[in-house]
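User: I'd like to go through this model with you. Take a look and we'll start with one of the loops.

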Amino acid sequence: MTIAVMQPYIFPYIGYFQMIKAVDTFVFYDDVNFIKKGWINRNRILVNGNDYTFTVPMQKVSQNNLILESFIHSELYPEWKTKFLQTLSSYKKAPFYNEIQPFIQNLLDTEYNSISELAIRSIVEISKYLGLTTKFKKSSESYQNRGMERQERLIDICKKENATHYINALGGQELYQKEDFQKEGIGLNFIKSKPIVYKQFKNEFVPWLSIIDVLMFNSKEETLKLLDKYELI
């Protein structure tokens with residue numbers, strides 16, 4: 001059984017979904033600290049051939065608050081949503097705009113309190129759209145192990161899920177050692193995306209944008225092929 005654990009990000013880039021596809025169970029790490037100026041409440045899309053960063057408005061955030069305790073600014077959200085959907089019109093000539101735009105609008109039309117709720121739903125619904133069969137869990141609901149050190153906590157999650165294989169983002173190479181996991185009977189690998197290129201209008205390709213960009217230009221079948229372009233190291 002293979003597992004991954006990751007903070008929830010709003011409409012994350014394709015590498016995030018590669019990790020989801022690579023595992024049996026994916027745990028949203030929603031009870032760790034919010035990362036200011038990270039990717040939890042923002043991402044990038046293509047506007048007039050350039051990358052454009054969108055940011056979901058938040059109430060006063062602190063890195064001392066958990067992700068699930070970091071709340072969307074309810075008064076600013078409706079205006080932001082309207083402007084964001086207008087910004088998506090930059091994709092109007094993309095081949096899958098008429099399918100993806102209503103899908104995104106439906107996601108955003110639901111009321112959310114925390115950024116965790118919105119980010120998790122954006123990921124789960126896109127995974128369903130793509131037909132991924134990965135099982136999702138939240139760390140806040142399933143494990144009660146927040147007092148542990150970072151690596152110990154991940155190993156504990158693996159054990160509670162009877163996982164024999166843990167996959168981490170590439171940046172974790174500086175934090176976790178394969179030998180430490182192997183002592184607990186758990187294999188550890190890091191996922192590394194291979195170069196991914198697809199046609200974005202007639203512009204020079206802008207890589208690693210939000211999954212929204214991928215879905216605007218690629219069918220489900222094409223997107224699934226892109227999800228397989230990774231290696232485990």
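User: Is Asn-162 buried or exposed?

Analyst: Asn-162 is exposed, its relative accessible area being 63%. Buried means under 20% relative accessible area, exposed over 50% and partly exposed in between, with a 1.4 Å probe and protein chains only. This is a predicted model, in which local features need pLDDT of at least 70, side-chain atom pairs count only at pLDDT 80 or more, and totals for chains, interfaces and linings use all residues. Residues are numbered from 1 along each chain as its sequence is written, and side-chain values use heavy atoms, with hydrogens and water left out.

User: Where does Asn-162 lie, and what is its phi?

Analyst: Asn-162 lies in the loop between α6 and β6. Helices (H or I, at least four residues) and strands (E, at least two) are DSSP runs, numbered from the N terminus. The phi of Asn-162 is positive, about 55°, although the residue is not a glycine. Most residues other than glycine have a negative phi.

User: What about Asn-48, buried or exposed?

Analyst: Asn-48 counts as exposed, at 71% relative accessibility. Its phi is near 55°, again a positive value in a residue other than glycine, and Asn-48 lies in the loop between β3 and β4.

User: Back to β6. Why is it largely enclosed?

Analyst: Four of the five residues of β6 are buried, so the rest of the structure largely encloses it.

User: Which residue in β6 does Thr-2 stand opposite?

Analyst: Thr-2 stands opposite His-165 in β6. β1 and β6 pair in the parallel sense over three bridges, where two strands pair if DSSP finds at least two bridges between them. β6 and β7 also pair in the parallel sense, over five bridges, and in β7 the bridge partner of His-165 is Gly-187.

User: Changing topic: what volume does the largest pocket have?

Analyst: About 890 Å³. Of the 36 residues that line it, Met-6, Gln-7, Tyr-9, Ile-35 and Ala-169 are the closest to its centre. A pocket is, on a 1 Å grid over the protein atoms alone, an open set of points where a 1.4 Å probe fits, with protein on both sides within 12 Å along at least five of seven lines; lining residues have an atom within 4 Å of a point. The volume is the space filled by probe spheres set on the points, which are joined across faces, edges and corners.

User: Which element gives the most to that lining?

Analyst: α1 does, with four residues. Elements that each supply at least two residues include β1 (2-6), β6 (165-169) and β7 (187-193).

User: And the second largest pocket, where does the largest share of its lining come from?

Analyst: From helix α2 (residues 77-87), with three residues. The second largest pocket holds about 150 Å³ of space, and its lining residues include Tyr-77, Pro-78 and Lys-81.

User: Which residues of α2 are buried?

Analyst: Tyr-77, Trp-80, Lys-81, Phe-84 and Leu-85. They cover an arc of only 130° around the axis, which puts them on the same side of α2; the arc is that of the directions from the helix axis to the C-beta atoms. What covers them includes β3, α3 (97-109) and α4, contact meaning heavy atoms within 4.5 Å.
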